[in-house]
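Here is a short briefing on how two protein chains meet. Start with the charged contacts, then move to the wider interface.

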Number of protein chains: 2
Amino acid sequence: MHPIDDLLAGKQNSGNRAAPTRDRLIRAFTDLVQQRGYAAVGTAEVLKVASAPRGSLYHHFPSGKSGLAVAAVEYMAEAVTDALHRATTGRRTLPVLLRGMASARAAWLKRTGWSEGPLLTVLSNEVVPHEPDIAEALKVGSAAINSAFTDLFMARGFAPDTAWRNAHMTRSLLDGAMTLSRAARSTDALLEAGDFLATRLADPANRGA
Amino acid sequence: MHPIDDLLAGKQNSGNRAAPTRDRLIRAFTDLVQQRGYAAVGTAEVLKVASAPRGSLYHHFPSGKSGLAVAAVEYMAEAVTDALHRATTGRRTLPVLLRGMASARAAWLKRTGWSEGPLLTVLSNEVVPHEPDIAEALKVGSAAINSAFTDLFMARGFAPDTAWRNAHMTRSLLDGAMTLSRAARSTDALLEAGDFLATRLADPANRGA
DNA sequence: ACGATTCTGGACCAATTGGTCTATTTCTGG
DNA sequence: CCAGAAATAGACCAATTGGTCCAGAATCGT
């Protein structure tokens, strides 16, 4: 199962009829970009993986490849914020949630042979600022995720400014550990990050002013 | 001045005679990749920026673009470990050093209009595992940097395993904050990371067993 | 001075790139 | 049942890709 699916249970359109072309394009594009990066994936390959003809791509995304990237970023950001919102209203404690995020990423890396990185991270590192549309989508999406993390920390009793700082820390740490883990082909950095997040950052003693 | 130069004072070949072609190629390649990523920079552009003909590239780097990437990674990793080694034997305290790293990166981002990311980070996010040579160079280079950071923490009184963990934390945090800052076009994440590193991670009370 | 080696310069190549365009098919509301 | 819209299908394009190849220039050791 694709990691996106983990986050999306319930968001997916109900029936299991074949995904419409537009969604298949976004899905194929996301997978390929996470493996190889934006510039390295050609439209031809996306089309092949999605089993769609050229015309469909430019019908659904008149601005072409960059439009597809914008849609993929928006889709992913929404999926992540939805999942975080669900976690916020759920019962699980912060340490459990945070360590879970880190180990889920570690498992993902292992399962895919260290071949995939998170969409927003991958795009952030190659697209800014040559593609203003994508850069803007990344900015908006990233801000939404930060805000969702801040809400999560606040809902667990942290003061607003501490929550905001912890949101940044959590994102930076998970993101950087993911990149490092990919480079080192080892989950050490991610597990280390999970440990820190669960035992220190989420420590009730640090709920701040 | 280029950020690489900051790290290299003293490593540069002495006189200011024009850099040899091979070095110019590495330099041009590094700059371009940091801005746009590996796949997006064409050999033609590297050649133009380096003012070198096509033949020179394949003379100095018989394996072409990927060989150039490997050389650039090795060069960068050495520059970074050298700088860390100098810091280790130097006098500055850990908090000063760590906050300095974060704010140097923040300044770099601002100066370049959020257009450049660290070479190893950028490559790690798009090259693994399709280019095994580059992946290997990244793995080796990243390990060397981790080790240099571990030495730094140990030289400041941290126990070996704590030092190793702190090295991972520092790298993950700086790296992730860099990516986030680029996406958000704001240095918030980096400054937050610097603050944490200086006031918490480097805290002498946490020198561990 | 000279032969050998290193390096530069650039023409050239097949393959691929993102994108355009139009004909046809499929779907939908009335 | 049909008109019109939505979507699919793929031929086609100029531009660019990384890479090969070889002729000439510069540099070297002797």
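In this predicted model, two salt bridges link chain B and chain A. A salt bridge here is a side-chain nitrogen of Lys or Arg within 4 Å of a carboxyl oxygen of Asp or Glu. One of them joins the side chains of B:Glu192 and A:Arg165, at 3.6 Å from N to O.

**Which parts of chain B take part**
- α2 (21-36), α7 (119-124), α8 (132-155), α9 (160-184) and α10 (188-201) of chain B each give at least two residues to the side that touches chain A. Helices are DSSP runs (H or I, at least four residues), numbered from the N terminus.
- α9(B) supplies the largest share, 15 residues.
- By type, this side of chain B holds 17 nonpolar, 13 polar and 11 charged residues. Ala, Val, Leu, Ile, Met, Phe, Trp, Tyr, Cys and Pro count as nonpolar, Asp, Glu, Lys and Arg as charged, and the others, including Gly, as polar.

**Extent of the interface**
- 41 residues of chain B contact 41 residues of chain A (heavy atoms within 4.5 Å).
- The two chains bury about 3,800 Å², 61% of it on carbon and sulfur atoms. Buried area is the accessible area (1.4 Å probe) lost when two parts are put together, summed over both.
- B:Asn125, B:Leu180 and B:Glu192 supply 17% of the area chain B buries against chain A, more than any other three residues.

**Basis**
- Residues are numbered from 1 along each chain as written, and chains are lettered from A and ligands numbered from 1 in the order written.

Definitions and conventions. Predicted model: local features only at pLDDT ≥ 70, side-chain atom pairs only at ≥ 80, totals over all residues. Heavy atoms only, no water.
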